Amino acid sequence: MMAIKELEAAIESILFALGESVELERIAGAGDHDEETVRNVIRNMMTRYDEENRGIHIIEMDGAFQLCTKPEMYEYLIKVAHIPKKHVLTEVLLETLSIVAYKQPITRIEIEKIRGVSSDHAVSKLVEYGLIQEVGRMDAPGRPMMFGTTEEFLRYFKYESLDDLPILNQETIEDFKAEVEQELGFELSRGEESDLEAELGIDSTVTDDET
């Protein structure tokens, strides 16, 4: 069995060489250690990297780990590399992305039903940006494509897993309704509000104190 220092070196080399997230199971399999031990070693490495104020850090995403440059090092990187293209997430894209995140897997038609407007452009852009992806087809006439969020989504918003998504409170719900009303150009009736809440998976009987 590999010593801890040797295991740390192996983990570092694996993450550096692959340049993408690597599942815990794969890392453990390479080091002849159980997954719990490897997870603890990696998290100790994460803490030490931060304490030593190094230019790299390890991030955890849904049971996988990736070696990344720290965001605050960006100003140094652009002096020696091409400036990476930054994707701008407009309100429309963020709204569409939030629907996918909370309702996935979801079809484009279902997205449009919630938003009330065509979402072809928004869905295409989010796929282009790598924030959502095709995850299968619905077992229904026409077998429409279903979409879900990607690992890049977790990385972008600094979530370890979808379980870290914020719980929608009443204020957030009201803001979302206001955005929908503004986009549609008319006020939602109570029945339409209930339909919207149902589409978002929200229990309208929950009080503010319970959210």
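**Close-up views of a predicted model**

By the distance rule applied to this predicted model, the protein contains 15 salt bridges.

**View 1. Arginine 54 and glutamate 12 are joined by a salt bridge.** The distance from N to O in this pair is 3.7 Å. The two residues belong to distant parts of the chain, 42 residues apart: glutamate 12 is in helix 1, while arginine 54 is in the loop between helix 3 and strand 2 (56-61). Arginine 54 is partly exposed, with a relative accessible area of 28%, and glutamate 12 is likewise partly exposed, at 29%.

**View 2. Arginine 54 also meets glutamate 52 in a salt bridge.** Here the distance is 3.7 Å, N to O. Glutamate 52 has a relative accessible area of 46% and is partly exposed. A network of salt bridges links Glu12, Glu52 and Arg54 with Lys5, Glu8 and Arg48.

**View 3. Glutamate 23 forms a salt bridge with arginine 26.** The closest N and O atoms of the pair are 3.2 Å apart. Both residues are partly exposed: the relative accessible area is 39% for glutamate 23 and 46% for arginine 26.

**View 4. Helix 2 (residues 24-31) has buried residues and, on the face turned away from them, exposed ones.** The buried residues are Leu24, Ile27, Ala28 and Gly31. Seen down the helix axis, these residues fall within an arc of 95°, so they line one face of helix 2. Their cover includes helix 1 (4-18), strand 1 (22-23), helix 3 (35-51) and strand 3 (64-69). The face turned away from the buried side carries Glu25, Gly29 and Ala30, which are exposed. After helix 2 comes aspartate 32, which has a positive phi, near 55°.

**View 5. Three strands form an open antiparallel sheet in the order 4-6-5.** Strand 4 (106-107) and strand 5 (132-137) are at the edges, each with a single partner strand, so one side of each has no neighbour in the sheet. Strand 4 and strand 6 (residues 145-149) run antiparallel and are joined by two bridges. Isoleucine 106 has phenylalanine 147 in strand 6 as its bridge partner. Helix 5 (residues 91-103) lies across strand 4, strand 5 and strand 6, and runs at about 95° to strand 6.

**View 6. The whole protein has 10 helices and six strands.** Of its 211 residues, 34% count as buried. The accessible surface comes to about 13,000 Å², and carbon and sulfur atoms account for 51% of this surface.

Methods: Residues numbered from 1 in each chain as written. Predicted model: local features only at pLDDT ≥ 70, side-chain atom pairs only at ≥ 80, totals over all residues. Heavy atoms only, no water. Buried < 20%, exposed > 50% of the residue type's maximum accessible area, 1.4 Å probe, protein only. Helix = DSSP H or I, 4+ residues; strand = E, 2+ residues; numbered from the N terminus. Arc of directions from axis to C-beta. Contact = heavy atoms within 4.5 Å. Pairing = 2+ DSSP bridges. Axes fitted to C-alpha atoms, helices over the stretch in contact; angles between N-to-C directions. Areas by Shrake-Rupley, 256 points an atom, 1.4 Å probe, with all protein chains shown as cover. Salt bridge = Lys/Arg side-chain N within 4 Å of Asp/Glu carboxyl O.
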